[in-house]
Amino acid sequence: MKNPLHYIQQYPHRAKQMLGITNDQFQDLLSQAEMHHKRIQAEIEHKKVRINHEGGGRKPKLEIKEEVCLCLFYLRQMPTLEVLGLHFGISKTEANDGSDNICKERC
């Protein structure tokens with residue numbers, strides 16, 4: 001299955017059908033989400049008592065733009081978590097965790 005983000009990048013005029021917002025609105029939302037994410041990460045790093053070296057730990061499976069797209073796609077289309085995971089190349093558990101956390105934090 002094709003990732004909805006890649007589909008929207010290839011056909012920007014279809015963003016409204018897929019996500020419920022225009023491509024320009026989606027791009028604005030992405031820039032705001034990335035700024036918000038960087039600010040939150042900076043606050044977390046400032047408060048963190050570091051045991052391991054910086055950069056350790058598991059890397060996220062999805063980029064910020066994919067997470068925002070997942071959230072909007074889920075809210076617009078309401079697919080099952082199995083289908084959502086297939087579209088974005090993650091497991092249904094990660095889709096469930098991601099959609100809950102992402103929608104609460106970023107949307």
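## Helix 4 against helix 5

Glu66, Cys69, Leu70, Phe73 and Tyr74 of helix 4 meet Leu81, Leu84, His87 and Phe88 of helix 5. By class, the residues of this contact are seven nonpolar, one polar and one charged. The model is a predicted one.

Two packed helices are described by the angle between their axes and the distance between the axes. Here the axes of helix 4 and helix 5 come within 11 Å. They cross at roughly 145 degrees. The crossing of helix 4 and helix 5 is right-handed.

## The buried face of helix 5

Which residues of helix 5 are buried? They are Leu84, Gly85, His87 and Phe88. Viewed down the axis of helix 5, the buried residues fall within an arc of 160 degrees, so they line one face of the helix.

Of these residues, Leu84, His87 and Phe88 also take part in the contact with helix 4. Gly85 is in contact with Ile90.

## Overall layout

The protein has six helices and zero strands. Along the sequence the pattern reads α-α-α-α-α-α. The protein has 107 residues, and 31% of them count as buried. Take the contacts between residues at least 6 apart in sequence: 61% of these join residues at least 24 apart.

## The nonpolar core

In soluble globular proteins, nonpolar side chains tend to be buried together. The largest nonpolar core in this model has 20 residues. Leu19, Phe26, Val68, Cys69 and Phe88 have the most contacts inside this core. Two or more core residues come from each of helix 1 (4-10), helix 2 (15-19), helix 3 (23-47), helix 4 (64-77) and helix 5 (81-88). Helix 4 gives the most, with six residues.

Leu19 shows how these parts join. Beyond its neighbours within four places in sequence, Leu19 is in contact with Ile8, Phe26, Cys69, Leu72, Phe73 and Arg76. Among these partners, Phe26 and Cys69 are also on the list of residues with the most contacts inside the core.

## Pro4 in helix 1

Is Pro4 buried or exposed? Pro4 is buried, with a relative accessible area of 1%. Pro4 is found in helix 1. Not counting residues up to four places away in sequence, Pro4 touches Met18, Cys69, Phe73, His87 and Phe88.

Pro4 and His87 are 83 residues apart in sequence. In space, their C-alpha atoms are 6.9 Å apart.

## Met78 between the helices

Met78 sits in the loop between helix 4 and helix 5. Most residues other than glycine have a negative phi. Met78 is not a glycine, yet its phi is positive, at about 55 degrees. Met78 is exposed, with a relative accessible area of 53%.

## After helix 5

Ile90 lies in the loop between helix 5 and helix 6 (92-105). At a relative accessible area of 13%, Ile90 is buried, because buried means under 20%.

What does Ile90 contact, leaving aside its neighbours within four places in sequence? Its partners are Lys61, Leu62, Leu70, Gly85 and Ala95. Lys61 is 29 residues from Ile90 in sequence, and the two are 7.7 Å apart in space, C-alpha to C-alpha.

Key:
Residues are numbered from 1 along each chain as its sequence is written. This is a predicted model: local features need pLDDT of at least 70, side-chain atom pairs count only at pLDDT 80 or more; totals for chains, interfaces and linings use all residues. Side-chain values use heavy atoms; hydrogens and water are left out. A nonpolar core is a set of buried Ala, Val, Leu, Ile, Met, Phe, Trp, Tyr and Cys residues joined through side-chain atoms within 4.5 Å. Buried means under 20% relative accessible area, exposed over 50%, partly exposed in between (1.4 Å probe, protein chains only). Helices (H or I, at least four residues) and strands (E, at least two) are DSSP runs, numbered from the N terminus. Contact means heavy atoms within 4.5 Å. The arc is that of the directions from the helix axis to the C-beta atoms. Axes are lines fitted to C-alpha atoms, for helices over the stretch in contact, and angles run from 0 to 180 degrees between N-to-C directions. A crossing is left-handed if the near helix is turned anticlockwise from the far one by less than a right angle, and right-handed if clockwise. Ala, Val, Leu, Ile, Met, Phe, Trp, Tyr, Cys and Pro count as nonpolar, Asp, Glu, Lys and Arg as charged, and the others, Gly among them, as polar.
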